[in-house]
Amino acid sequence: MSFSSHQNKVCDLYDAHESKFLTPFQRKTLLKNLQADLQPEYRRRIEIMLLADMGKSQAHICEIIGCSQEMARYWIGIAEAGIAHKWNERRIGRPKTINQQYLERLQELVSHSPREYGYAFGYWTAQWLSKHLANELGIEISDRHINRLLKQMGLSTKPKSSPQATDAQNQDAGITICDLQSNSEPSFNWSFNLIQTNN
């Protein structure tokens with residue numbers, strides 16, 4: 001059986017059933033596009049919606065077409081929502097926004113103080129990393145995704161604290177008696193106040 005006769009047979013099969021979700025316009029548009037020379041991913045989308053419109057179950061559609069449950073669920077939902085005519089507006093596959101350059105720059109930024117880049121603060125936050133990289137590379141991602149990337153790379157925005165650094169911070173935190181300047185002679189005011197309180 002030739003490809004064109006297979007397409008005609010498929011179209012006749014869809015035409016023979018009563019529509020469950022699709023408007024006559026949507027069904028006609030999908031059937032017309034199914035006859036065109038499409039990429040396999042686009043063809044699957046149309047077939048999923050048409051099969052769902054015929055009343056086929058999600059499991060049966062996956063079996064017939066050989067697609068994932070997620071893909072079938074998504075395109076069945078599109079048909080049910082009444083927007084099947086927009087089948088080609090969603091690009092094939094997930095756009096890859098993060099590239100190697102982005103990851104390398106993220107790693108470089110985290111290993112330096114934000115002050116080196118003109119910021120007033122001393123430690124990066126995921127939010128500021130996201131803003132900085134969006135300005136620099138034009139790629140916008142959420143601060144939660146920045147944290148995921150940092151974790152995958154074994155990095156963090158929190159400064160590493162060593163036990164010696166913690167001890168040094170604790171020593172600087174308080175004033176000890178030996179730090180005070182001692183004046184062996186009492187000042188006149190102090191002595192005077194002492195005498196007045198004794199009277």
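Student: How many aromatic pairs does a search of the whole structure find?

Tutor: The search finds seven aromatic pairs. Rings of Phe, Tyr and Trp (its six-membered ring) pair if their centres lie within 6.5 Å. This is a predicted model, where local features need pLDDT of at least 70, side-chain atom pairs count only at pLDDT 80 or more, and totals for chains, interfaces and linings use all residues. Residues are numbered from 1 along each chain as its sequence is written, and side-chain values use heavy atoms, with hydrogens and water left out.

Student: What makes W124 buried or exposed?

Tutor: W124 has a relative accessible area of 5%. Buried means under 20%, exposed over 50% and partly exposed in between (1.4 Å probe, protein chains only), so W124 is buried. Y117, at 26%, is partly exposed.

Student: Which residues do ring pairs link into a cluster?

Tutor: The cluster holds Y117, Y119, F121, W124 and W128.

Student: How do you know that the charged end of K131 sits over the ring of W128?

Tutor: The charged end of K131 is 4.6 Å from the ring centre of W128. The definition asks for NZ of Lys or CZ of Arg within 6 Å of the ring centre and within 35 degrees of the ring normal. K131 is listed as sitting over the ring of W128.

Notes: Phe/Tyr/Trp six-rings, centres within 6.5 Å; stacked < 30°, edge-to-face > 60°.
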